[in-house]
Amino acid sequence: MNWHIHELLFGYSSAVIAGFLFTAIPNWTGCMPARGWPLMELTALWLIGRLAVAGALGLGPVAVMVVGTADCRRRLGFAMVVMPIMLIGGWIIPSFTRNRLVKQSPEPGLLPVPFGRFDAVSLDGVLLALTVWMIWPMSLPTGVLLVALGLSALADVPPATGFHLLGIGGFGGMTVAVMMRASLGHTGRALEAGAALTLAFACVALAAVVRVAVPGLAGLWIAATLWTAGFGLFVWHFAPVLTLPNPARRQPNGR
């Protein structure tokens with residue numbers, strides 16, 4: 001279980017966030033993205049971390065920083081992923097949606113509002129709620145502040161339910177959506193999901209529902225199958241997209 005939680009947070013989520021920042025920051029700043037040996041070294045460091053935590057390198061618990069069973073550290077890890085996902089999502093979702101709607105010429109009043117003061121206050125509230133959750137996870141204030149995760153503190157709901165909804169649905173759903181959008185946009189493809197990507201996203205979202213709604217091993221295996229199918233479709237669709245030449249960079253004469 002410790003490996004499972006650790007790899008979702010530091011194996012999967014950190015890799016996705018780093019990938020987003022490595023593509024977004026160069027666009028924001030006009031600087032060249034990381035490439036060549038520095039990028040290879042970072043990738044190698046990430047892979048070594050995955051092998052070390054899995055025990056494949058024969059290292060003892062001290063060498064891999066002792067994942068242990070401290071609930072506070074798990075909650076801290078989740079909180080550290082929740083905040084950037086909410087910050088980035090709260091910024092780019094209205095922006096991407098607005099860009100799409102502008103092309104369809106909707107009424108100005110129907111366009112999403114850009115990231116503003118209300119969003120900043122909301123993030124401050126989330127930060128407060130997550131801080132209380134890390135320190136007093138099963139208290140009444142935590143339940144009131146966190147609502148969905150707080151059902152564990154307010155009612156007879158297992159704490160793992162909130163973790164699975166947040167991890168599978170929140171982390172998985174948001175990150176796969178951003179990966180799809182970024183992979184299409186940065187390779188010059190049309191920003192159309194299509195049947196395959198729509199099904200992939202649906203599989204990831206349904207995996208979260210099944211994991212908390214279907215008890216026992218049946219729910220575990222069905223959710224795992226849906227999650228794997230969703231990301232399998234993603235890889236199948238984007239393998240040629242990310243390995244073939246970018247059509248946006250081709251010269252007008254077709255060279």
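A residue counts as buried when its relative accessible area is under 20%, as exposed when over 50%, and as partly exposed in between (1.4 Å probe, protein chains only). The model is a predicted one, in which local features need pLDDT of at least 70 and side-chain atom pairs count only at pLDDT 80 or more, while totals for chains, interfaces and linings use all residues. Residues are numbered from 1 along each chain as its sequence is written, and side-chain values use heavy atoms, with hydrogens and water left out.

Now the overall layout. The chain has nine helices and zero strands, where helices (H or I, at least four residues) and strands (E, at least two) are DSSP runs numbered from the N terminus. Of its 255 residues, 30% are buried. Contact here means heavy atoms within 4.5 Å; among contacts between residues at least 6 apart in sequence, 66% join residues at least 24 apart. The chain exposes about 15,700 Å², with carbon and sulfur atoms supplying 73% of that area (Shrake-Rupley method, 1.4 Å probe; for residues, only the protein chains shown count as cover).

Back to Ser13, which sits in helix H1. Its side chain reaches the backbone oxygen of Leu8 at 2.8 Å. Setting aside residues up to four places away in sequence, Ser13 touches Leu8, Val81 and Phe171.

Next comes the interior. A nonpolar core is a set of buried Ala, Val, Leu, Ile, Met, Phe, Trp, Tyr and Cys residues joined through side-chain atoms within 4.5 Å. The largest one has 28 residues, and Leu9, Phe78, Val82, Leu130, Phe171, Met180 and Phe238 have the most contacts inside it. Two or more residues each come from H1, H3, H4 (117-135), H7 (159-185), H8 (194-213) and H9 (216-243). Apart from this core lies another, of seven residues, including Ile168, Cys203, Ala208 and Val210. Leu130, beyond its neighbours within four places in sequence, is in contact with Ala79, Val82, Met83 and Leu146.

Some nonpolar side chains turn up on the outside, too. Ile25, Trp28, Leu87, Trp91 and Phe115 form a nonpolar surface patch, with about 490 Å² of accessible area together. Patch members have over 30% relative accessible area and no salt bridge, and nonpolar side chains (Val, Leu, Ile, Met, Phe, Trp, Tyr) are joined within 5 Å. A salt bridge is a side-chain nitrogen of Lys or Arg within 4 Å of a carboxyl oxygen of Asp or Glu. Helix H1 (2-29) and helix H3 (71-103) each give the patch two or more residues. Trp91, in helix H3, is partly exposed at 43% relative accessible area.

Definitions and conventions: Patches are made of residues with over 30% relative accessible area and no salt bridge: like charges are joined within 9 Å, nonpolar side chains (Val, Leu, Ile, Met, Phe, Trp, Tyr) within 5 Å. A polar contact is a pair of N or O atoms within 3.5 Å; within protein, one must be able to donate a hydrogen and the other to accept it, and residues adjacent in sequence count only if both atoms are side-chain atoms.
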